[in-house]
Amino acid sequence: ENELLLEEVGRIKPGEQVFKLIGPVLTRQDSDEARRTVTSRLEFLREEIERVQGRMADSERQTRTAQTRIDKIRQAAAAAGSRPLDQ
């Protein structure tokens, strides 16, 4: 949606009128300012996506590490359970 908006803003010629919806009111906005606003919004969204993807990758690594530990504990418990008890 924002990328489509950037395409549309890119088609605006210098000096043409641009309006921005603020609540129920349309207000004039400079076309260069509109372009900067959309560009900065896209950059912010890209950075947020990268940040969230990084956090997801960290969580996946932690999950794999925990699963490996659980598997080792289960194997040790199974090996200990199959040994005869010393009396």
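Helices (H or I, at least four residues) and strands (E, at least two) are DSSP runs, numbered from the N terminus. The model is predicted, so local features need pLDDT of at least 70 and side-chain atom pairs count only at pLDDT 80 or more, while totals for chains, interfaces and linings use all residues. Residues are numbered from 1 along each chain as its sequence is written, and side-chain values use heavy atoms, with hydrogens and water left out. Strand 1 covers residues 18-22 and strand 2 covers residues 25-29; helix 2 spans residues 31-82.

**Strand pairing**

- Strand 1 and strand 2 run antiparallel and are joined by five bridges; two strands pair if DSSP finds at least two bridges between them.
- Lys20 has Thr27 in strand 2 as its bridge partner.
- Val18 stands opposite Gln29 of strand 2.
- The hairpin of these strands has two residues between them, and Gly23 there takes a positive phi near 65 degrees.

- Setting aside neighbours within four places in sequence, Gln29 is in contact (heavy atoms within 4.5 Å) with Val18, Lys20, Ala34 and Thr37.
- Ser31 lies in helix 2 and is buried, with a relative accessible area of 4%.
- Not counting residues up to four places away in sequence, Ser31 touches Val9, Ile12, Lys13, Pro14, Gly15, Glu16 and Val18.

**Nonpolar core**

- The largest nonpolar core has six residues in all: Val9, Ile12, Val18, Ala34, Val38 and Leu42.
- Helix 2 gives the most to this core, with three residues.
- Such a core is a set of buried Ala, Val, Leu, Ile, Met, Phe, Trp, Tyr and Cys residues joined through side-chain atoms within 4.5 Å.
- Val38, a member of the core, touches Asn2, Leu5, Leu6 and Val9 when residues up to four places away in sequence are not counted.

**Nonpolar surface patch**

- Phe19, Leu21 and Leu26 form a nonpolar patch on the surface, with about 340 Å² of accessible area together.
- Patches are made of residues with over 30% relative accessible area and no salt bridge, with like charges joined within 9 Å and nonpolar side chains (Val, Leu, Ile, Met, Phe, Trp, Tyr) within 5 Å.
- Accessible areas come from the Shrake-Rupley method with a 1.4 Å probe, and for residues only the protein chains shown count as cover.
- Phe19, one of the patch residues, is found in strand 1 and counts as partly exposed at 44% relative accessibility.

**Salt bridges**

- A search of the whole structure finds six salt bridges, each defined as a side-chain nitrogen of Lys or Arg within 4 Å of a carboxyl oxygen of Asp or Glu.
- Side chains of opposite charge can pair when their charged atoms come close.
- Glu48 and Arg51 meet through their side chains in a salt bridge of 2.8 Å, N to O.
- Because Glu48 and Arg51 are three residues apart in helix 2, about one helical turn separates them.
- Glu48 is partly exposed, with a relative accessible area of 26%, and Arg51 is partly exposed as well, at 40%.
- Elsewhere, salt bridges that share partners join Glu7, Glu8 and Arg11 into one network.
- Arg11 is exposed, with a relative accessible area of 55%, whereas Glu7 counts as partly exposed at 45% and Glu8 is partly exposed at 44%.

- Gln67 lies in helix 2 and counts as partly exposed at 38% relative accessibility.
- Gln67 and Ile49 are 18 residues apart in sequence, and their C-alpha atoms are 27 Å apart in space.

Methods
Buried < 20%, exposed > 50% of the residue type's maximum accessible area, 1.4 Å probe, protein only.
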